[in-house]
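Let's walk through this model together, one question at a time. Keep the viewer open as you read.

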Amino acid sequence: MADAYDTQLVDRQNRADGENGDSDYDDLPDEYVEAGDEVFRQLQLRLGEAAPQPRLSATRRAVEMLGDPHRAYPVIHITGTNGKTSTSRLTESILRAYGLRTGLFTSPHLERLNERIMIDGRPISNESLAENWADIQPYLELVDAELEGAGEPRLTFFEALSVLAFASFAEAPIDVAVIEVGMGGEWDSTNVADGQVAVFTPISLDHTARLGNTVAEIARTKSGIVKPAAQVVTSRQVPEVLAELQRAAELTESTFASEGAAFSLLSTSVAVGGQVISIKGLAGTYRDVFLPLYGDHQAQNAAVAVAAVESFLGGGSTAIVEDVLVEAFATVTSPGRLQLIGTEPTVLVDAAHNPGGALALAAALKEYFSFDKIVAVISVLADKDAAGIIRALEPVVSEFVVTQSSSERAINADELASIVVGIAGADRVVVELDPREAANLARDSAAESDTGAVLVTGSITLVGEIITLAGDEGWKP
């Protein structure tokens, strides 16, 4: 177990922070930071990510005006319900370890918009972000005018951001892009790109109002990223999901590789700061590789990433060079996914925001840590299954501090508290409206135990706010 993980994990995390440029913004001139902030402000004036438009025509028109920047490099396209971002980061890390110049587009961000557009392992600089935005803005305005003239909403936040990412990658330039779907697949704005490899992480019920009321309907929407003669790679799926993905592969004459049949996670064992895993890939077997991420779900994400890279580099017939994989995994990070942001007491954040993610989180906490008290700070968005999240966490959490993130979509704290009380009991629940005060209240409670910890979860917005707070107050040396 990870009894002694504090000092070793802090050391490893500090090294990873330095290697991955987590302080990219600190040395930038103020004028560029402000310019980067202005891009985000202008994007926020558009229809938000909570209301995506089920269309591709608008994004396609914008990239067409820009000369199709999304066709300037090959694409690995990744969708699913849980694990998309971690799998994307793992895939990108392997490709970069091979010496390829990479682009990585993920959503949402935790602290700054720049996190969503990564170039060669680092968030795009504020200077490049602002310059690329200035270059594309006249074309976005032309498309906006066309859309409004046709009685349609202008480009949304995510549509415009997707265009910005594609253009930024072309400008960099890059050798390969790893693109995470925003929502669904078929009509997601990232789907203007034709992925040579289409990757599916576990699919379950989420965003049912937009994607469908059954996992089969959701899988059908997500399978829209499979393009003709692509290579399809999927994690383990329930039978009805697997059938939809196989159908999409057959209709497009694509190859199909599923976890358990074509590749598999052979083993995983707990190690200080993460785990040691063995993977049977499509073309090679990789034994006893250290992965600095917690949870069996992350080991499975790693197996999917290996198969995706094998598919991309050699059509599934060429093994990854062992030293390359060791380097790629040793340096990978997944911010906001069981990330250590504080010590004395330990503070972990995890962006689990649906029951599937919460179940994986609870399992990882039991398997990888030996805390005798866990105080959870939690906020949940209104369109999420709050009761399902709480039921998943209740067996491993000692106390809940219910709060309300800054998101307009956050459930009212008192309403959420009534849900938590109904599951965990009133004696284990405290309400604190201010997320910062909630986090400090949880830290005080956790510090009463020799091996207590704080867990911040339930909302990506909340996680981002507390990461910022931890940095401001110096919770981690």
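**Contacts, bridges, strands and rings**

Q: Which residues does Thr252 touch, not counting residues up to four places away in sequence?
A: A contact here means heavy atoms within 4.5 Å. Leaving out residues up to four places away in sequence, Thr252 touches Val226, Lys227, Pro228 and Ala229.

Q: What should I know about the model before reading on?
A: Residues are numbered from 1 along each chain as its sequence is written, and side-chain values use heavy atoms, with hydrogens and water left out. Local features need pLDDT of at least 70, side-chain atom pairs count only at pLDDT 80 or more, and totals for chains, interfaces and linings use all residues, since what you are looking at is a predicted model.

Q: Where does Thr252 lie, and is Thr252 buried or exposed?
A: Look in the loop between α9 (239–251) and β8 (255–258) for Thr252. Helices (H or I, at least four residues) and strands (E, at least two) are DSSP runs, numbered from the N terminus. On accessibility, buried means under 20% relative accessible area, exposed over 50%, and partly exposed in between (1.4 Å probe, protein chains only). With a relative accessible area of 16%, Thr252 is buried.

Q: How many salt bridges does the structure hold?
A: The rule asks for a side-chain nitrogen of Lys or Arg within 4 Å of a carboxyl oxygen of Asp or Glu. The number of salt bridges in the structure is 19.

Q: How far apart in sequence are the parts tied together by Arg55 and Glu159?
A: Arg55 and Glu159 form a salt bridge, with their closest N and O atoms 2.9 Å apart. Arg55 lies in the loop between α2 (30–44) and α3 (57–65) and Glu159 in helix α6 (residues 157–171), so the pair ties together parts that are 104 residues apart in sequence.

Q: Are Arg55 and Glu159 buried or exposed?
A: Arg55 has 9% relative accessibility. Glu159 has a relative accessible area of 2%. Arg55 counts as buried, and Glu159 is also buried.

Q: Which parts of the chain does the Asp120 and Arg101 pair tie together?
A: The closest N and O atoms of this salt bridge are 3.6 Å apart. Asp120 lies in the loop between β3 (117–119) and β4 (122–123), and Arg101 in the loop between α4 (84–97) and β2 (102–105), so the pair ties together parts that are 19 residues apart in sequence. Asp120 is partly exposed at 31%, and Arg101 is partly exposed at 32%.

Q: Which helices hold Asp472 and Arg436?
A: These two side chains meet in a salt bridge (3.3 Å, N to O). Asp472 counts as exposed at 54% relative accessibility, while Arg436 is partly exposed at 38%. The pair links distant parts of the chain, 36 residues apart: Asp472 is in helix α16 (residues 460–473) and Arg436 in helix α15 (residues 435–446).

Q: How many bridges join β9 to β10?
A: Strands of a sheet pair through backbone hydrogen bonds, either parallel or antiparallel. Here β9 and β10 (residues 274–280) run antiparallel, and Ser264 stands opposite Lys280 in β10. The bridges joining β9 to β10 number seven.

Q: What kind of aromatic pair do Phe105 and Phe158 form?A: Rings of Phe, Tyr and Trp (its six-membered ring) pair if their centres lie within 6.5 Å; planes under 30 degrees apart count as stacked, over 60 as edge-to-face and the rest as tilted. By this rule the count comes to six aromatic pairs. Phe105 and Phe158 sit 5.8 Å centre to centre with 20° between the planes, and their pair is stacked.

Q: Where do Phe105 and Phe158 lie?
A: Phe105 counts as buried at 1% relative accessibility, and Phe158 is buried at 10%. The pair ties together parts that are 53 residues apart in sequence, because Phe105 lies in strand β2 and Phe158 in helix α6.

Q: Which residues form one aromatic cluster with Tyr294 and Phe369?
A: The ring centres of Tyr294 and Phe369 are 4.7 Å apart and their planes are at 50°, so the pair is tilted. Tyr294 counts as buried at 5% relative accessibility, and Phe369 counts as buried at 3%. The cluster also takes in Tyr368 and Phe371.

Terms used. Two strands pair if DSSP finds at least two bridges between them.
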